[in-house]
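Subject: Structure handover

Hello,

Here is the structure I said I would pass on. Please look it over; my notes follow below it.

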Amino acid sequence: MTAATTEPTEKTGARTAEAAELIGDARERIDALDDRIIGLVQERMAVSAVIQKERIASGGRRVNLSREMEILATYRDALGKPGTALAMTLLELCRGRI
């Protein structure tokens, strides 16, 4: 293998050029998905801020614990225990931004 053909495999950890290409393509897709996920999280944060603002303006509390428990259950049911941690992170990002 020449230096030119070992570089892609070093970046991916693959042992063959074919595997390195597949991994590179898949990583590009993951990067695109991550960009979309970040955008969706930012959108969720904005919507959550609207809800919190209206709830507080109407005399309510910033956080609705029963709703948060529903969200935790949804993520846990869909993704297992790590889903709960993901939901907790989302809830933390969305709380108290107003």
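Which helix gives the most to the lining of the largest pocket? Helix 2 does, with six residues. Please keep in mind throughout that this is a predicted model.

The fold

The protein has four helices and zero strands, so along the sequence the pattern reads α-α-α-α. Of its 98 residues, 17% are buried. Taking the contacts between residues at least 6 apart in sequence, 41% join residues that are at least 24 apart.

The largest pocket

The volume of the largest pocket is about 290 Å³. It is lined by 15 residues, and those closest to the pocket centre are R44, S48, I51, R67 and I71. At least two lining residues come from each of helix 2 (17-57), helix 3 (65-79) and helix 4 (81-94). By class, the lining has six nonpolar residues, six charged ones and three polar ones.

Helix 3 against helix 4

Two packed helices are described by the angle between their axes and the distance between the axes. For helix 3 and helix 4, the angle is about 145 degrees and the axes are 7 Å apart. The crossing of helix 3 with helix 4 is right-handed. On the helix 3 side, the residues in contact are E68, I71, L72, Y75, R76 and L79. Helix 4 meets them with K81, P82, G83, T84, L86, A87, M88, L90 and L91. Sorted by class, this contact holds ten nonpolar residues, three charged and two polar.

T12

Is T12 buried or exposed? T12 counts as buried because its relative accessibility is 16%, and the cut-off for buried is under 20%. Leaving aside residues up to four places away in sequence, T12 touches A20, I23, G24 and R27. With G24, the separation is twelve residues in sequence, while the C-alpha to C-alpha distance is 7.0 Å.

That is what I have for now. Please send back any questions.

Regards

Notes: Residues numbered from 1 in each chain as written. Predicted model: local features only at pLDDT ≥ 70, side-chain atom pairs only at ≥ 80, totals over all residues. Heavy atoms only, no water. 1 Å grid on protein atoms, 1.4 Å probe; cavity = no way out; pocket = protein on both sides within 12 Å on 5 of 7 lines; lining within 4 Å. Points joined across faces, edges and corners; volume = space filled by probe spheres on them. Nonpolar A, V, L, I, M, F, W, Y, C, P; charged D, E, K, R; others polar. Axes fitted to C-alpha atoms, helices over the stretch in contact; angles between N-to-C directions. Left-handed = near helix turned anticlockwise from the far one by under 90°. Contact = heavy atoms within 4.5 Å. Buried < 20%, exposed > 50% of the residue type's maximum accessible area, 1.4 Å probe, protein only.
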